[in-house]
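Dear colleague,

I am passing on a structure that I would like you to look through. Please open it first, and then read the notes below alongside it.

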Amino acid sequence: MYSSMIYLLSSFLFYIMLILLMMIGMAFLTLFERKLLGYIQDRKGPNKVGFFGLLQPFSDAIKLLNKEFFYIDKINLYIYLYGAIFILFLSLSVWYIYPFISNGESNQKFSFLYLMSLFSLGVYPLMMGGWASNSTYSMLGAIRSIAQAVSYEVSLFLMMFVLIMLIESYSLTEVMKFQVYFKFILIVLPFYMLFLVSLLIELNRTPFDLVEGESELVSGFNTEYFSSMFTLIFMAEYLSIVFMSFFITFLYLGFNICGFIFMMIWLFHMLVILWIRGVLPRIRYDDLMYLCWKKILSCVLIYMFFIYGVKLFIQMYI
């Protein structure tokens, strides 16, 4: 009993520490993006608050959280508030799959299924926020985001299923063990490229940020959000960038999770996601959906059957 209490307490403390570090990292990721976009557009970016603008994220957070919160007429208040809170909760919950020393094997056995469940729940806060805002623009943004997320989760889950098929386990720790001497990117390079594209779409990042197409929808499902509620949505978006960069590095380039190489590749993926925003234009919505159902899904299914056939052949004849 005493040992189990220590185990639970240590896991909880590790998780809280990780969340605090991720929140600080997310704050500086916003600064890094603004500086990067500034230099791409031949300007300085934030450089006034603190040394080289290092205190800018904290200034932005204080400004947003101190804004007045007022009630919009005809919104469904509790669902409106719950949507913003739930989206941040999901972005923090995914970090539970991080392989802590105290987690042990028992908590990691079904981490793939746990992640798939959380990714599937991601459309609900968008739907709640868009519907509860009682705004035409918010509702259209919510419908767009749900169609986009559901479409691309199909191919995203199939790409994850191929790795499950290769390692014959639902555990992410097994992914790391299998890549000690041989990286998955060498045999499933097309999946890595498609996963990167699907990741951008899942994160609603340029050139696939059709959910926030301000030329038609003002700001998408979060049009009526402001002050602290908008801050929660904004934090959730950037926490998702940090996590998905970590996830793709973990899946396809499984270096030691505490090593310098892993950290550099993780940072490289975040850089790519931010850099693409500064150099590519937004595509049309119908092109986005055709890309999913006609191209990415077809490629994923063909390559999945190829990998399965090779695996079956090796098991039967070698």
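**What was found**

Asparagine 204 sits in the loop that joins helix 8 to helix 9 (214-217). Please keep in mind, here and throughout, that this is a predicted model. The phi angle of asparagine 204 is near 55°, which is a positive value in a residue other than glycine. Most residues other than glycine have a negative phi. Asparagine 204 counts as buried, because its relative accessible area is 16% and the cut-off for buried is under 20%.

Aspartate 42, in the loop between helix 1 (2-40) and helix 2 (56-65), is not a glycine either, and its phi is positive at about 60°. Is aspartate 42 buried or exposed? With a relative accessible area of 73%, aspartate 42 is exposed. Asparagine 134, which follows helix 5, also has a positive phi, in this case near 55°.

Helix 5 itself (residues 123-132) is mostly covered, since seven of its 10 residues are buried. Those buried residues are Val123, Pro125, Leu126, Met128, Gly129, Gly130 and Ala132, and they pack against helix 3 (77-93), helix 4 and helix 6 (136-167).

In helix 4 (residues 111-121) you will find leucine 115, which counts as buried because its relative accessibility is 0%. Setting aside the neighbours within four places in sequence, the residues in contact with leucine 115 are Val94, Ile97, Leu172, Phe243 and Phe247. Of these, isoleucine 97 is 18 residues away along the chain, and its C-alpha atom is 7.9 Å from that of leucine 115.

Because 22 of its 26 residues are buried, helix 10 is largely enclosed by the rest of the structure.

Helix 11 (residues 260-279) has 20 residues and reaches 29 Å from its first C-alpha to its last, close to the 28 Å expected at 1.5 Å a residue. Its buried residues are Phe262, Ile265, Trp266, His269, Met270, Val272, Ile273, Leu274 and Ile276.

How do helix 10 and helix 11 meet, and at what angle do their axes cross? The axes come within 9 Å and cross at roughly 130°, and the two helices are therefore oblique to each other. Their crossing is right-handed. On the helix 10 side the contact is made by Tyr238, Ile241, Val242, Ser245, Phe246, Ile248, Thr249 and Phe250, and on the helix 11 side by Phe262, Ile265, Trp266, His269, Met270, Ile273 and Arg277. By class, the residues of this contact divide into 11 nonpolar, three polar and one charged.

Helix 11 also packs with helix 8 (residues 189-202), at an angle of about 55° and with the axes 11 Å apart, which makes helix 8 oblique to helix 11. This crossing is right-handed. Here the contact is made by Tyr192, Leu196, Leu199 and Leu200 of helix 8, together with His269, Ile273 and Ile276 of helix 11. The contact of helix 8 with helix 11 has six nonpolar residues, one polar residue and no charged ones.

With best wishes

Methods: Residues numbered from 1 in each chain as written. Predicted model: local features only at pLDDT ≥ 70, side-chain atom pairs only at ≥ 80, totals over all residues. Heavy atoms only, no water. Helix = DSSP H or I, 4+ residues; strand = E, 2+ residues; numbered from the N terminus. Expected span 1.5 Å × (residues − 1). Buried < 20%, exposed > 50% of the residue type's maximum accessible area, 1.4 Å probe, protein only. Axes fitted to C-alpha atoms, helices over the stretch in contact; angles between N-to-C directions. Parallel < 35°, antiparallel > 145°, perpendicular 65-115°, else oblique. Left-handed = near helix turned anticlockwise from the far one by under 90°. Contact = heavy atoms within 4.5 Å. Nonpolar A, V, L, I, M, F, W, Y, C, P; charged D, E, K, R; others polar.
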